[in-house]
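Walk through this structure with me. We start with the terms, then follow the helices, their contact and the surface.

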Amino acid sequence: MGRRTQADRDAITVEIGYAFVSACLAAGLSFVAVYGAAPAFSLPPAAHRALTVAGGIMAAAVFVLRIAHVLWRFARRPENDGL
């Protein structure tokens, strides 16, 4: 493993930014998918809390998994990919 070039450092920075933004979007969508039924129906407060917690847990899991997936895929790319 040699020294990283500026292009390599830039590619890593862009990939981390992409991983973060796409993970935020995926986590937000998963939270809305779980919690979205709560405002639509008149549910008891306990159900609202349960859906909020479940949505938060789901969003956190999706966030971590998305970041890990994107960065592992980036790490496995061929070394000579035209950079």
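Buried means under 20% relative accessible area, exposed means over 50%, and partly exposed lies in between, with a 1.4 Å probe and protein chains only. The model is predicted, so local features need pLDDT of at least 70, side-chain atom pairs count only at pLDDT 80 or more, and totals for chains, interfaces and linings use all residues. Residues are numbered from 1 along each chain as its sequence is written, and side-chain values use heavy atoms, with hydrogens and water left out.

Begin with two helices. Helices are DSSP runs (H or I, at least four residues), numbered from the N terminus. H1 covers residues 6-35. H3 covers residues 45-75. Their axes come within 7 Å and cross at roughly 155 degrees. Each axis is a line fitted to C-alpha atoms over the stretch in contact, and angles run from 0 to 180 degrees between N-to-C directions. Angles over 145 degrees count as roughly antiparallel. H1 and H3 are therefore roughly antiparallel to each other. Their crossing is right-handed: the near helix is turned clockwise from the far one by less than a right angle.

Now look for charge pairs. Side chains of opposite charge can pair when their charged atoms come close. A salt bridge needs a side-chain nitrogen of Lys or Arg within 4 Å of a carboxyl oxygen of Asp or Glu. The whole structure holds 1 salt bridge. Arg73 and Glu15 form a salt bridge through their side chains, at 3.6 Å from N to O. Arg73 sits in H3 and Glu15 in H1, so this pair ties together parts that are 58 residues apart in sequence. Arg73 has 43%, so Arg73 counts as partly exposed.

Next, the surface. Phe20, Val21 and Leu25 form a nonpolar patch there, with about 310 Å² of accessible area together. Patch residues have over 30% relative accessible area and no salt bridge, and nonpolar side chains (Val, Leu, Ile, Met, Phe, Trp, Tyr) are joined within 5 Å. Areas come from the Shrake-Rupley method with a 1.4 Å probe. Phe20 lies in H1. Its relative accessibility is 48%, so Phe20 counts as partly exposed.

Leu29 also belongs to H1. At 61% relative accessibility, Leu29 counts as exposed. Leu29 and Phe41 are 12 residues apart in sequence and 19 Å apart in space, C-alpha to C-alpha.

Finish at Pro45, in H3. Pro45 is exposed, with a relative accessible area of 57%. From Pro45 to Tyr35 the C-alpha distance is 13 Å, with the two 10 residues apart in sequence.

Notes: Patches are made of residues with over 30% relative accessible area and no salt bridge: like charges are joined within 9 Å, nonpolar side chains (Val, Leu, Ile, Met, Phe, Trp, Tyr) within 5 Å. Angles under 35 degrees count as roughly parallel, over 145 as roughly antiparallel, 65 to 115 as roughly perpendicular and the rest as oblique.
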